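Colleague: I'm new to reading protein models. Could you walk me through one, feature by feature?

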Amino acid sequence: MTHQSYRIVCVNRDHHVEEVGTGAEPSHCERLWKATEVFAEIIDGNQFYTVSPSTGGTAAVEPFRCSCGAMTLRSDPNEVSDNNVVDLPPCTKPS
Ligand SMILES: [Zn+2]
């Protein structure tokens, strides 16, 4: 199986990241994923990442266990400057 990598362009979150949207263009969400779907994809070897608007640098997004015990997603803390997944705008319905 060929591994895929998906650029995250938007995020729906409450206390945790609930859903992320991916797409080739930062302003356009092509596909909406539940966090649980993203965990499964990452376990399968696929990658999700964000892109810094200022530098173009990428940061991997990884499963993360919150202090409350819930599984959620976060950006790799070693890579984040202004490309943290939680700072992305909310998703609109894919069109
Ligand atoms: Zn929590």
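Here is a chat about the strands, the core and a few single residues.

Modeller: Two ground rules. Residues are numbered from 1 along each chain as its sequence is written. This is a predicted model, so local features need pLDDT of at least 70 and side-chain atom pairs count only at pLDDT 80 or more, while totals for chains, interfaces and linings use all residues.

Colleague: How many helices and strands does the protein have?

Modeller: Helices (H or I, at least four residues) and strands (E, at least two) are DSSP runs, numbered from the N terminus. Here you get one helix and six strands. From the N terminus on, they run β-β-β-α-β-β-β.

Colleague: In what order do the strands sit in the sheet?

Modeller: First, the general idea: strands of a sheet pair through backbone hydrogen bonds, either parallel or antiparallel. Two strands count as paired if DSSP finds at least two bridges between them. In this model, six strands make an open sheet with mixed pairing, in the order β3-β2-β1-β4-β5-β6. The edges belong to β3 (31-34) and β6, each with a single partner strand, so one side of each has no neighbour in the sheet. Direction ignored, neighbouring strands are turned by 45 degrees against each other on average. For such angles, axes are lines fitted to C-alpha atoms (for helices over the stretch in contact), and angles run from 0 to 180 degrees between N-to-C directions.

Colleague: Which sense does the pairing of β1 and β4 take, parallel or antiparallel?

Modeller: Parallel, over three bridges. Look for Arg7: its bridge partner in β4 is Tyr49. On the other hand, β1 and β2 pair in the antiparallel sense over five bridges, with Cys10 bridged to Gly21 in β2. Those two strands form a hairpin with three residues between them.

Colleague: What about β4 and β5?

Modeller: Strand β4 (residues 47-51) and strand β5 (residues 58-65) are antiparallel, with three bridges. Tyr49 turns up again here, standing opposite Ala60 in β5. This hairpin has six residues between its strands, and Gly56 in the turn has a positive phi of about 80 degrees. Next along, β5 pairs with strand β6 (residues 71-75) in the antiparallel sense over five bridges. Val61 has Ser75 as its bridge partner in β6, and Pro63 has Leu73. Five residues separate the strands of this hairpin, where Gly69 takes a positive phi near 100 degrees.

Colleague: Where does the helix lie?

Modeller: Helix α1 (residues 35-43) lies across β2, β3, β4, β5 and β6, and runs at about 90 degrees to β3.

Colleague: Is Tyr6 buried or exposed?

Modeller: Count C-beta atoms, placed from the backbone: with 20 or more others within 10 Å of its own a residue is buried, with 12 or fewer it is exposed, and in between it is partly exposed. Tyr6, in strand β1, is buried because it has 20 other C-beta atoms within 10 Å. Asp82 counts as exposed because it has 12 C-beta neighbours inside 10 Å. Across the protein, 24% of the 95 residues count as buried.

Colleague: Which residues have the most contacts inside the largest nonpolar core?

Modeller: A nonpolar core is a set of buried Ala, Val, Leu, Ile, Met, Phe, Trp, Tyr and Cys residues joined through C-beta atoms within 7 Å. The largest one here has 17 residues, and Ile8, Val11, Val20, Phe48 and Val85 have the most contacts inside it. At least two residues come from each of β1 (5-13), β2 (17-22), β4 and β5. β1 gives the most, with five residues. As for Val85, its contacts beyond four places in sequence include Ile8, Val11 and Leu73.

Colleague: And what box do the C-alpha atoms fill?

Modeller: Roughly 35 × 30 × 25 Å, taken along the principal axes.

Conventions
Contact = placed C-beta atoms within 7 Å.
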